[in-house]
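User: I'm new to reading protein models and would like to learn on a real one. Could you walk me through it step by step?

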Amino acid sequence: PATAPLGDCSLHVSKTQMAMTKAEALPRCRREIFACEDRHRQTLTLQLPTVPASSAVARLELVADAALVCSFSRNFEKLILGPGERSAAAEAAACSGDECEELFYDALPGETFKIQEGDVTTWRRLLAELHGVTVQDLSGPVAAPPLCFPGSGVFCLCAPSRADVRLFASSGSGALVEFLCDGSLLCAASPFFAAALSCSRWTESSSREFLMEHDDACAWCQILLSVHGFDLGEHLAVLGACSQFQRHADCQDGKQHPLVAAAADVEAQHGQPCQDEIKLCHELRVLGLCKKYLLDDLAIEILRALRDDQSIPKQLQGLPKNDFLQVVLEMNVLEVLRLLLGPWCAAHGAAVAMPLWLLLEAGGDMAKAVFASGGAVAFIASGNFFASIADSPGGPGLAKLLLVLVERGELDLLKTCKRWDWLGPEALNALLQEEELMPLMQIPTFWQEIRRGRFRSPLLADTLDPFPRLYEDLLDSWFKPAQQNGTNACHSSLNLPQVPPAELAQWTRCSRFRRRHD
């Protein structure tokens, strides 16, 4: 109060000052003890911020037995104790090629290690199971598997108490990502893992560790999520935390994968990444690992997803020729190209025509994959393939296309062709000038088609002259006499109303035409 004596001002405290004093009185750090600290035990203290940040406790400390955490994960061991040093004998054994895991760490009993990285609920779940603490004794929420520690490169795909197998894979940056898995689920999913973990002759049966240092960690993350029964759509964050689809991973020859390079080009042009190409590259890597390690059920699921993906044919069509051939070669090595071509041809038609032509032109195993696919063969034989190629800018000429079929011994596919609108007088003129395409004349459907009036053109006169029988037959078909009304007799003159005067004048320059219709 203004009337209060000057000496009484110290007794009046504002509300703001009272709130600050009360906040200072609250504990700013809380400790959860999973293992007591003593001079005989190395202790790990996790200093983690609480969530939400508005909580009265700003920081939480989890105190655990460092030895238990180190025994659970190799990556945790390196993080906590450092890389370690070998003795002289162990170093000599390692240089000679013998396996030796004897390491010495610069740490003393009773020493405390501190980590300030990770999620509170994830660490609480891990430490509770490692130390045998029941859920009722915990003072906060816990996370459910999969447990992710991206900063340490550790991913636990099952309950920590059931994790009895370690799998290491490359993260693309040189470090190894560690996956902790349920061995029984791995054995049930793959005969490879069943043999490795049960046969005493395999080193992995005793070590319970698999070193996949040349394999993609993100691909293994997706595989192991599926093996452990997780829905990938609900755990994309786990996959993203692993390596963001390995966007900048290189191929064995030191070059970027064509699909990754195509995605980078799109990002450079439009300012945003194109995830479709990255996803296809990732799926092919996963499929390769499934084939390699006999994960048949997952391979079938991925093959079904590739078959039903509507964006893949468009992606392949937009790739440069060399990049396209590299991608389809990878598919062919995985033995899925012939299985995908048929459904793609049936669903997309024209969008697959140019990629299909590139496969035929490449020959070898690429062409064999095309003719081994029933759907691709049906697409070619229907005539839709030729029509799509004829409409494609920059596509090959029909003569070149048919020559490829002749070289592959597949020209008989045209015997069942029902669509010929892709063939016109100009294209027919080019075909008849190719000696290798003479077998076309032995195909009844081709012969019957070119007898139609739409092929009547003076342009063919000189080209047909070396084929008198064919020429005579075509002239008879193109210039049928007009029938008299009410009778079956044929008039001997031309059916002139069907032939424009200018075209008829051009035909009169042909000696064979004049002899027949003089």
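User: Let's start with two helices. At roughly what angle do the axes of helix α17 and helix α19 cross?

Analyst: Before the answer, keep in mind that this is a predicted model. To read a helix pair, look at how their axes approach and at what angle they cross. Here the axes of α17 (residues 350-362) and α19 (residues 374-382) come within 12 Å and cross at roughly 105°. Angles from 65 to 115 degrees count as roughly perpendicular, so α17 and α19 are roughly perpendicular to each other. On the α17 side, the contact is made by Ala350, Ala353, Leu356 and Leu360, while α19 brings Ala376, Phe379 and Ile380.

User: Let me try another pair. Which word describes α16 relative to α18, oblique or perpendicular?

Analyst: Get the angle, then pick the word. Helix α16 (residues 337-348) and helix α18 (residues 364-371) have axes that come within 8 Å and cross at roughly 50°. That angle is why α16 is called oblique to α18. Leu337, Arg338 and Leu341 of α16 make the contact with Met366, Ala369 and Val370 of α18. By class, that contact has five nonpolar residues, no polar ones and one charged.

User: Now the strands. In what order do the five strands of the open sheet lie?

Analyst: The order is β5-β6-β8-β7-β9, and the pairing is mixed. At the edges stand β5 (147-149) and β9 (209-216), each with a single partner strand, so one side of each has no neighbour in the sheet. Ignoring direction, neighbouring strands are turned by 15° against each other on average.

User: Which strands pair with β8, and in what sense?

Analyst: Follow the bridges strand by strand. Strand β6 (residues 154-156) pairs with β8 in the parallel sense over three bridges. Cys156 has Leu180 as its bridge partner in β8, and Phe155 stands opposite Phe179 of β8. Strand β7 (residues 165-170) runs antiparallel to β8, with six bridges joining the two. One example is Phe168, whose bridge partner in β8 is Glu178.

User: Why is β8 described as largely enclosed?

Analyst: Here you count buried residues. Five of the six residues of β8 (residues 176-181) are buried, so the strand is largely enclosed by the rest of the structure. Helices come into view around the sheet too. Helix α9 (residues 217-227) lies across β7, β8 and β9, running at about 125° to β9.

User: What about a residue in a loop? Is Ser457 buried or exposed?

Analyst: Ser457 is found in the loop between α23 (444-450) and α24 (461-464). Its relative accessibility is 14%, and the cut-off for buried is under 20%, so Ser457 counts as buried. Leaving aside residues up to four places away in sequence, Ser457 touches Pro425 and Trp507.

User: And the whole chain? How many helices and strands does it have?

Analyst: Finish by zooming out. The chain has 27 helices and eleven strands, and buried residues make up 43% of its 518 residues. Among contacts with a separation of 6 or more, 64% come from residues 24 or more positions apart.

Technical notes:
Residues numbered from 1 in each chain as written. Predicted model: local features only at pLDDT ≥ 70, side-chain atom pairs only at ≥ 80, totals over all residues. Heavy atoms only, no water. Buried < 20%, exposed > 50% of the residue type's maximum accessible area, 1.4 Å probe, protein only. Helix = DSSP H or I, 4+ residues; strand = E, 2+ residues; numbered from the N terminus. Pairing = 2+ DSSP bridges. Axes fitted to C-alpha atoms, helices over the stretch in contact; angles between N-to-C directions. Parallel < 35°, antiparallel > 145°, perpendicular 65-115°, else oblique. Contact = heavy atoms within 4.5 Å. Nonpolar A, V, L, I, M, F, W, Y, C, P; charged D, E, K, R; others polar.
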